[in-house]
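Let's take a walk through this structure together, one part at a time. Keep the 3D view open while you read.

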Amino acid sequence: MKKLELGFQWASSKPKLLLHRSSITTLRRYQLTAHGNCGKRKSAENWVRRSSRRNTNSSANSTRLNSELRSKQTCPKDYQTGVSLLFLLAAMAATKTRGSSFSRAVSAATPSLAPGLKCGPNGTVFLSSGIPDLDKILGGGFTLGSLVMVMEDSEAPHHMLLLRNFMSQGLIHNQPLLYASPSKDPKGFLGTLPSPASSKDDKPRDRDTDQEKGLRIAWQYKKYFGENNPNFTGHRDDKHEYCNDFDLRKPLERQFLIRQHVDCVSLQDSMNLSVLLDHCGTFLSQFPRNDNNSSITTAGRIAIQSFCAPDCGYSNMEWHMLSFIRSLKSVMRSSNAVAVLTFPPSLLSPSFCKRWQHMADTLLSVKAIPDEDRELAQLLTGYQDMVGLLNVHKIARINTQAPMILEATTFSIKLQKRRYLVLECLNQAPIDGSSGASYGTSGSCSASSKTGRLDF
Amino acid sequence: MDQRSSNLLDEALGLDCQTDRWALAGRVVAIEDSVETSGSFILHQLVKRALAPNSSTVVLFIAFAQPFSHYDRILRKLGCNLAAQRVNNRFFFFDKLTLQCPDVDERNSPVSGLVALYGEIQETIYGLPEVSRKNVTIIIDDLSIVEVAANGSSDYVLDFLHYCHTLTSEFDCTLITLNHEDIYSSTEKPAFLLQTEYLADILIKAEPLATGLATDVHGQLTVLNKGFNHGQMNSRNKIRNFHFRVKENMVEYFYPGSRN
């Protein structure tokens, strides 16, 4: 199994954007610094070099760019048009990726919502999962009143990644939290929650927007940004309050844990599930739902980890567990909260596993990927950075009958800079020995790369 | 009217006939789906057809899966106001989301919850005026949760179903149930599923496409109509298979490959 180090022992390094975005940004920035002035070109090159040193993962892109630059240095004019072309390409690609990323139209008449909540379609309200990419995939986040179930990989703790971000995001938004786990001391888990990336770490992203504003050269391409920018920046602003990027290596500050109402329950203690259900019931009674669209002041989060773990007293009472889930689901429906429940499906009999899956409103599964699977490594790009796979089986369909069909249901879980959790579409690697055009064709083969990143 | 009768599902169910009588009267419809493809949209379609302005059918909706607001919103988009129909006494909603039959080990009467539910249904039917008593549709969403509510004693659920079945012969009721096929696919003798399939006159299966997911085809329906043997209907196909695409305000049905 690929090692999943969730502690905070990694060496520090700067954060990085999504690969495709970073390469576009590099191009853009490059373009800006290189503007008209040959003297500045050197510094631009330095910049690219520096960035390539920093972004070890995307160094391939930058190096390619570097060589591009070196070859063009002799004829600045050509070089400029070359870069402009590249730039245009990047802009077009950006348009494409933007266009395909799913964003829901938000109706104008919305009830007043507390920060951290977002209106969705059909009178639903979203709450962030704590992973920006997952929110995007699910069309906005987790729906209030829904039960999210995550099928664990029985041999790897990837579900903890989802749980940690979910819980942290709630604490950041001041949302009360109920956490239940089969461990003896569930409170200890709170110490491992990640902290949002500080503003200093976020700088690269911010600077990126600043520079876009001061775009001087290639003004004729501005129109491409005209359609992009509002969406782009709006999304970003939104992201800052709705969904944070979490730095998995930095523990959450104590103040969040102290000022919050955090309930921790050990599943080992409760032989009877009715106790846990009562606990959930009293917790959820803080967030009653009234359907007449009044304001929602706060929302709750319930995180239940490894629900059917064998060390819980009730783990052999399959019907009891099932009726617990059913009762939980029905109380969820009448409250403004989201419950995330993870379970190892291998511990359930197949028919019960299906029953559990039917119970879920949103159903996800996580899977580790083998460390040295050469076949898979050849098949997928960016295999080295992947820690696992996330599968989206079902998306909550509350108040609607139309299913949401995703372009792809399998996503790779990556730890960017070993800090940030990133979900990406799987991309097929180009076949060895084929020309550069295979990048284009690989997309159509995998049928999932529309939202995927751009390879140069 | 014409536009509605071109619907493949209605055709398969015999709902396209221009008769005054509700075509499903006295019949049992079993809908089966899977995790990948939800079949609940068929329930919504049937509720909409049953509550259409030109029919006089009364719907008894026994909801174990979703609250009223969920169905209300969906049906409103389909052009049917459940709240208004509720006032008109044409739509009866039984919110059984939290119904939990007592534990089996308590031994007092494990089925009391379901018996009470049956009593409620019966009472509602008896309470109806003579005219509408002839056109009652009972819809159960969904049977797998009824099993959970009965704490796994599927025999009691079967008993409950049999009781409801007697209503179909007594009052010419329609009984429509939803269940999940894949739950039972791993069990050796899926007695519960086989029993419900045996009871059913019409079996509708919603399955995902074998070729994987698609945005313009959401799955396929297989409709097995067992009771079409009487009289002039003999010419119809017994098994029909077609694709569907679920939209907010309608469902498109089409034969495989016939979509342009």
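Two residues are in contact here when they have heavy atoms within 4.5 Å of each other. With that in hand, and remembering that this is a predicted model, start where the two chains meet: the contact takes 29 residues from chain A and 45 residues from chain B. Putting chain A and chain B together buries about 3,000 Å², and carbon and sulfur atoms give 56% of that area. On the chain A side, look for R326(A), H358(A) and Q401(A): this trio supplies 26% of the area that chain A buries against chain B, more than any other three residues.

Now turn to chain B by itself. You'll find 10 helices and 9 strands in chain B, and 57% of its 260 residues count as buried. Among the contacts in chain B with a separation of 6 or more, 69% come from residues 24 or more positions apart.

What order do the strands of the open sheet in chain B follow? Reading across, the order is β3-β2-β4-β5-β1-β6-β7-β8-β9, and the pairing is mixed. The edges of this chain B sheet are β3 (91-95) and β9 (251-254), each of which pairs on one side only. On average, neighbouring strands here are turned by 20 degrees against each other, if you ignore direction. In general, strands of a sheet pair through backbone hydrogen bonds, either parallel or antiparallel. For a parallel example, pick out β1 (residues 28-33) and β5 (residues 174-180) of chain B, which pair over 6 bridges. One spot to check is D33(B), whose bridge partner in β5(B) is H180(B).

Helix α6 (residues 112-127) of chain B packs on this sheet, where it touches β2 (58-63), β3 and β4 (136-141) of chain B. The direction of α6 makes about 165 degrees with that of β2(B).

Staying in chain B, have a look at A65(B), in the loop between β2 and α4. Is A65(B) buried or exposed? Its relative accessibility is 13%, and since buried means under 20%, A65(B) counts as buried. Leaving out neighbours within four places in sequence, A65(B) is in contact with Y71(B), L97(B), D141(B), D142(B) and I145(B). One of these, L97(B), is 32 residues away from A65(B) along the chain, yet their C-alpha atoms are separated by 6.3 Å.

Next, the aromatic rings. Over all chains, the count comes to 20 aromatic pairs. Take F68(B) and F91(B): their ring centres are 6.3 Å apart and their planes are at 45 degrees, so this pair is tilted. F68(B) sits in helix α4 (residues 68-77) of chain B and F91(B) in strand β3 of chain B, so the pair ties together parts that are 23 residues apart in sequence. Both F68(B) and F91(B) are buried.

Over in chain A, ring pairs link F307(A), Y314(A), F324(A), F343(A) and W356(A) into a cluster. The charged end of R301(A) sits over the ring of F166(A), 4.8 Å from its centre, and the charged end of R355(A) sits over the ring of F352(A), 6.0 Å from its centre.

P182(A) is found in the loop between β5 (177-181) and α7 (187-190) of chain A, and it is buried, with a relative accessible area of 7%. Not counting residues up to four places away in sequence, P182(A) touches several others, including L267(A), Q305(A), S306(A) and C312(A).

Finish with strand β13 (residues 410-416) of chain A. Here 6 of the 7 residues are buried, so the strand is largely enclosed by the rest of the structure. β13(A) pairs in the antiparallel sense with strand β12 (residues 386-394) of chain A over 5 bridges, and F411(A) in β13(A) stands opposite L390(A). β13(A) also runs antiparallel to strand β14 (residues 420-425) of chain A, joined by 6 bridges, with S412(A) opposite E424(A) in β14(A). In the hairpin of β13(A) and β14(A), 3 residues lie between the strands, and K417(A) takes a positive phi near 55 degrees.

Notes. Residues numbered from 1 in each chain as written. Chains lettered and ligands numbered in written order. Predicted model: local features only at pLDDT ≥ 70, side-chain atom pairs only at ≥ 80, totals over all residues. Heavy atoms only, no water. Pairing = 2+ DSSP bridges. Helix = DSSP H or I, 4+ residues; strand = E, 2+ residues; numbered from the N terminus. Axes fitted to C-alpha atoms, helices over the stretch in contact; angles between N-to-C directions. Phe/Tyr/Trp six-rings, centres within 6.5 Å; stacked < 30°, edge-to-face > 60°. Buried < 20%, exposed > 50% of the residue type's maximum accessible area, 1.4 Å probe, protein only. Lys NZ or Arg CZ within 6 Å of the ring centre and 35° of its normal. Buried area = accessible area lost by both parts, 1.4 Å probe.
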